[in-house]
Amino acid sequence: MGTALAGKKRPGEMMVQLFLLFAAGVSVLTTLGIVVTLGKESFLFFREVSPIEFLTARKWQPQIEEFGILPLFTATVVTSLIAMMIALPAGLASAVWLSEYAPEKARSVIKPILEILAGIPSVVYGFFALQSVTPALRNVFGGERVDVYNTMSAGIVMGVLILPLISSMCEDALSSVPHSMREGAYALGATKIEVSLNIVMPAAFSGLAAAFIVGFSRAIGETMIVALAAGAGPNLTLNPFRAAETMTGHIVRISGGDLSYDSIDYNSLFAIGLLLFLITLGLNMLSSRLVRKYREVY
Amino acid sequence: MNASFQSASLRERHRNGKIFSALFFASTLFAIVSLVTLLASVLDQTAGWVLIEYSIPEADIVPSDDEGNPIPLASLESEGLLSILDENLGGRRLKALDLEKPLAERSPGDLRELIIAEVLEPSVVRSWNFAESMLSRESIFQWAAETVPEGSLVFRWWISSSFLSHSQSSNALFAGVRSAILGSFMTIVLTILIAFPLGLGAAIYLEEYARDNRINRFIKTNIYNLSGVPSIIYGMLGLGIFVRFMAPLTSGALFSAASAAGDSVPLEAAALAADGRTILSASLTLALLILPMLIINAQEAIRAVPRTLRESGYALGATRWQVIFHHVLPSSMDRILTGTVLAVSRGIGETAPLVLVGASTFLTQDPTGIFSKFTTLPIQIYQWTSRPQSEFRNIAAAAIVVLMVLLMSLNSAAIILRNKFRSQRRV
């Protein structure tokens, strides 16, 4: 009986396997779709505007055919840097506390809270930035110095949004440091803080770096907070109290309005998208390389 | 002496340790404080005093009783209400309203609402948040009396049954989230139907079938990289592929053309009006967006199933798919479902991709099928938040509360589901 079944063809099994292969292939198709969509429209754009002008010109004013990404790019970098200045220290410190110091009970309360924070939609953070953080900033620094839309409040709130991500990635890296290393240092008379700062953190360095890079990449791609709170109009400025539109904010604002396909404005959005895609992809690949490195060591 | 020096330095070292651990704890606290502030500032906007101005005062339109006092609108019956409508609205408007739903058949409550909206035409002068309303009541009343003496101050809870049952309106007092809730719901159900089988299938393929060769390694790296692509890029993908390239399919024109010989002309017209900016396009886009998360999570769940379980299945002569379907999947389903719910709640909250795929900015009709135009809760929140008037801030906050309640109930459903699967497995 058993031998009779052995060579039997099973069309059902083949069908299932084909479907599974297709399901796995969808992700490849997605990447292909992204590359083709962004590439095609950007190609149409770069036929009109030279890439050099795109990357170096200082003005973005589609009405008068000026397509210099610099103001959008600086605003993106400014908001992301402000976000990182908050999320990086706070995320790392809370990760050290959670992995090295926190009693089990506190961990079981605080971890879910961080997860709630991470699960709140970013449009809600945008509301928070515009309605609460901006008025607070204007109270503290004065209404004439702080615009109604400003990169500062968008950056701060973005920092809060990214904090849980950085915290949980850092915690993963810290807790993957083997216990024997901690015990060794304790045996030599190190205090807890010395073990955390001088033994665990250096050992987890590549993992921590990966967390920062992923956080930065997330900040650059974050859209709704900057669309609501950072400003609606390209503005080349480094002053965080001024309004300035980021790359993502610009894409959302323009595509939300009446936009005719096959216009240069429409194509320009995809050129911005392509740049955004390349930057975030580069950062993500860098971080996954770093993660692999610390996984290999231990 | 040496010993005392050492102990002093030890004390210092411990003090350093305490300072740092306090710092670490403070950072963790910062996250909690931010969460609380965020929730408080949203809730703060959902109730408070509102100063409303009417284009005609109520006393001018209602009939008087025997003593010459005006009868309040609330105590009038259908007949009286209908005569008010007759007197104050133009014939054309009356006909239009009658066409929507015959006036005679409407309930007194509906008629009152209609009179308020069409005749009295209230508009918000200013609204205050909850904290202001509680703390500085006197100054609010004083301000109102000085600025708009004929206006009326009412304390309003912005989340109400009428907020849930009304559709979008240009007047914040009558705006609601019904079509947005329906849109969110339909979009997400369709997203799950598309993404769940694909995500699970890909995970099964990668964990159970794929050999460790170059192609499969490429697929794995690719999925990891996709999970880091900003959501707005998925929106551009959706716009380029689903909305434009596949417009005949996603707008439903293809299907209505087939049945055009029949009486489906209105359907076709509706489909053409929607072009590719439909619920179907939005769902396809969101499905691709949450797919990497789904796959990675399901992979981990499948990987956690012990090898011995599979071997015992094979030993009894089961085929590969039988082992997967009857043993591996049931014992990893709780984890897979939990991860799915997490991914789906991320999908519900997504805004940017849907703006690109073309969520309608102003939609007063409910979505009727997968080829209708749509709006979702996050889109409504985005639009209302970006309006400068304070009353739109209030309804944006109210919509946020609705969204968060939706997300929370989804997550608790996931926990219940997971526990059910777990207890089944133990039996």
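**Figure 1. B:R13 is partly exposed, with a relative accessible area of 26%.** Start here, with one arginine in a predicted model. The side chain of B:R13 meets that of A:E194 in a salt bridge, at 2.8 Å from N to O. Look at where the two partners sit: A:E194 is in helix α9 (residues 192-203) of chain A, while B:R13 is in helix α1 (residues 2-44) of chain B, so this pair joins two chains. Between chain A and chain B, the count is two salt bridges.

**Figure 2. Here is the contact between chain A and chain B, built from 77 residues of chain A and 71 residues of chain B.** Put together, the two chains bury about 6,400 Å² between them, and 77% of that is on carbon and sulfur atoms.

**Figure 3. Nine residue pairs are in polar contact across the interface of chain A and chain B, with both residues of each pair at pLDDT 80 or more.** On the side of chain A that touches chain B, helix α2 (residues 11-48) of chain A gives the most, with 19 residues. Sort that side of chain A by class and you get 49 nonpolar, 23 polar and five charged residues.

**Figure 4. A:E245 and A:R253 pair up in a salt bridge within chain A, their closest N and O atoms being 2.6 Å apart.** Is A:E245 buried or exposed? A:E245 is buried, because its relative accessible area is 1%, under the 20% cut-off.

**Figure 5. In chain B, the side chains of B:E311 and B:R307 meet in a salt bridge at 3.0 Å, N to O.** Both residues belong to helix α16 (residues 307-315) of chain B, and because they are four residues apart there, about one helical turn separates them. B:E311 is partly exposed, with a relative accessible area of 39%. B:R307 is exposed, at 52%, and the cut-off for that word is over 50%.

**Figure 6. Some salt bridges link up into a network, and this one takes in A:E104, A:R107, A:K111 and A:E171.**

Notes
Residues numbered from 1 in each chain as written. Chains lettered and ligands numbered in written order. Predicted model: local features only at pLDDT ≥ 70, side-chain atom pairs only at ≥ 80, totals over all residues. Heavy atoms only, no water. Contact = heavy atoms within 4.5 Å. Buried area = accessible area lost by both parts, 1.4 Å probe. Salt bridge = Lys/Arg side-chain N within 4 Å of Asp/Glu carboxyl O. Polar contact = N/O pair within 3.5 Å; in protein donor to acceptor, adjacent residues only side chain to side chain. Nonpolar A, V, L, I, M, F, W, Y, C, P; charged D, E, K, R; others polar. Buried < 20%, exposed > 50% of the residue type's maximum accessible area, 1.4 Å probe, protein only.
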